[in-house]
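Here is a short briefing to read alongside the model. Please keep the sequence and the structure in view as you go.

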Amino acid sequence: CPGSALSHHNLGHALSLAGRQADAIPHFDEALRLQPGYPQALYNRGNAFGVQGDVDKAAADYREALRSKPDYEQAYYSLGNALALQGKLDEARTNFLAALRSKPDYAEAHTRLGNLLLLQGARAEAMRHLHEAVRWRPDYEEGHYYLAGELARQKEFTGAVTHLRAALRAKPDYPAALNDLAWILAAEQAPEVRDVPEAMRLARQ
């Protein structure tokens with residue numbers, strides 16, 4: 001019955017969150033035996049397979065979840081990530097875009113799509129998505145970090161510093177952002193950016 005399927009799903013999800021993927025997967029299996037096509041069970045079993053490194057099984061479960069629930073933005077996003085790991089970048093992009101059609105304010109999908117588009121050489125479109133991520137979620141530290149990284153690569157250091165500071169406001173113990181900000185403040189010669197004393201302070205954190 002659906003209630004039993006829900007119980008197995010919830011137990012599997014709890015075990016998965018606790019890092020016990022091998023124990024979680026049989027509960028997702030049982031939930032799906034009791035309620036075939038259960039989209040959340042498929043999605044979370046896919047996540048468990050992904051943590052175990054089985055990207056093919058993860059992708060198969062995300063696809064099946066989308067057959068049951070075609071507007072499941074998290075499944076589109078996770079399938080996009082799995083496809084990117086498989087090197088299927090065009091198909092990954094299609095799934096990130098589908099996630100954004102279902103949820104236009106999906107900051108993580110904007111950032112992942114932006115990074116993928118950078119790999120494909122579509123910088124203008126990539127920057128639009130990287131900016132959208134932090135517009136929708138101003139406290140999204142990874143969004144600010146990846147946007148800062150691309151600005152720094154283009155030698156737009158003032159903007160990079162702005163977004164690294166925003167990343168650190170959201171997550172003060174973000175080692176990569178601390179290191180990158182310290183490096184820019186120490187290495188950049190422009191007076192509006194250079195701040196060696198702050199760079200040294202950051203490097204000690």
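Which side chains meet in a salt bridge with Arg 45 at 2.7 Å, N to O? One is that of Asp 61, where a salt bridge is a side-chain nitrogen of Lys or Arg within 4 Å of a carboxyl oxygen of Asp or Glu. The side chain of Asp 29 also meets Arg 45 in a salt bridge, again listed at 2.7 Å, N to O.

This is a predicted model, in which local features need pLDDT of at least 70 and side-chain atom pairs count only at pLDDT 80 or more, while totals for chains, interfaces and linings use all residues. Residues are numbered from 1 along each chain as its sequence is written, and side-chain values use heavy atoms, with hydrogens and water left out.

**Salt bridges around Arg 45**

- By the salt-bridge rule, the count comes to 16.
- Asp 61 lies in helix H4 (residues 55–68) and Arg 45 in helix H3, so their bridge ties together parts that are 16 residues apart in sequence. Helices (H or I, at least four residues) are DSSP runs, numbered from the N terminus.
- The bridge between Asp 29 and Arg 45 also links distant parts of the chain, with Asp 29 in helix H2 (residues 21–34) and Arg 45 in helix H3 (residues 39–51), 16 residues apart.
- Arg 45 is buried, with a relative accessible area of 17%, and Asp 61 is buried too. Asp 29 is partly exposed at 33%. Here buried means under 20% relative accessible area, exposed over 50%, and partly exposed in between (1.4 Å probe, protein chains only).

- Glu 150 forms a salt bridge with Arg 153, and their closest N and O atoms are 2.9 Å apart.
- Because Glu 150 and Arg 153 are three residues apart in helix H9 (residues 141–153), about one helical turn separates them.
- Glu 150 is buried, with a relative accessible area of 6%, whereas Arg 153 is exposed at 57%.
- Salt bridges that share partners join Arg 123, Glu 150, Arg 153 and Glu 156 into one network.

**His 9 and its surroundings**

- His 9 sits in helix H1 (residues 2–17) and is buried, with a relative accessible area of 8%.
- The side chains of His 9 and Asn 10 are joined by a polar contact of 3.2 Å. A polar contact is a pair of N or O atoms within 3.5 Å; within protein, one must be able to donate a hydrogen and the other to accept it, and residues adjacent in sequence count only if both atoms are side-chain atoms.
- Leaving aside residues up to four places away in sequence, His 9 touches His 27, Phe 28, Ala 31, Tyr 38, Gln 40, Ala 41 and Asn 44, with contact meaning heavy atoms within 4.5 Å.

**Helix packing**

- H2 and H3 pack at an angle of about 155°, with their axes 9 Å apart. Axes are lines fitted to C-alpha atoms, for helices over the stretch in contact, and angles run from 0 to 180 degrees between N-to-C directions.
- H2 and H3 are therefore roughly antiparallel, a term for angles over 145 degrees, just as angles under 35 count as roughly parallel.
- Residues of H2 that meet H3 include Phe 28, Asp 29 and Ala 31, and those on the H3 side include Ala 41, Asn 44 and Arg 45.
- The axes of helix H5 (residues 73–85) and helix H7 (residues 107–119) come within 10 Å and cross at roughly 25°, so H5 and H7 are roughly parallel.
- Tyr 77, Asn 81 and Ala 84 in H5 meet Glu 108, Ala 109 and Arg 112 in H7.

Methods: Helix = DSSP H or I, 4+ residues; strand = E, 2+ residues; numbered from the N terminus. Parallel < 35°, antiparallel > 145°, perpendicular 65-115°, else oblique.
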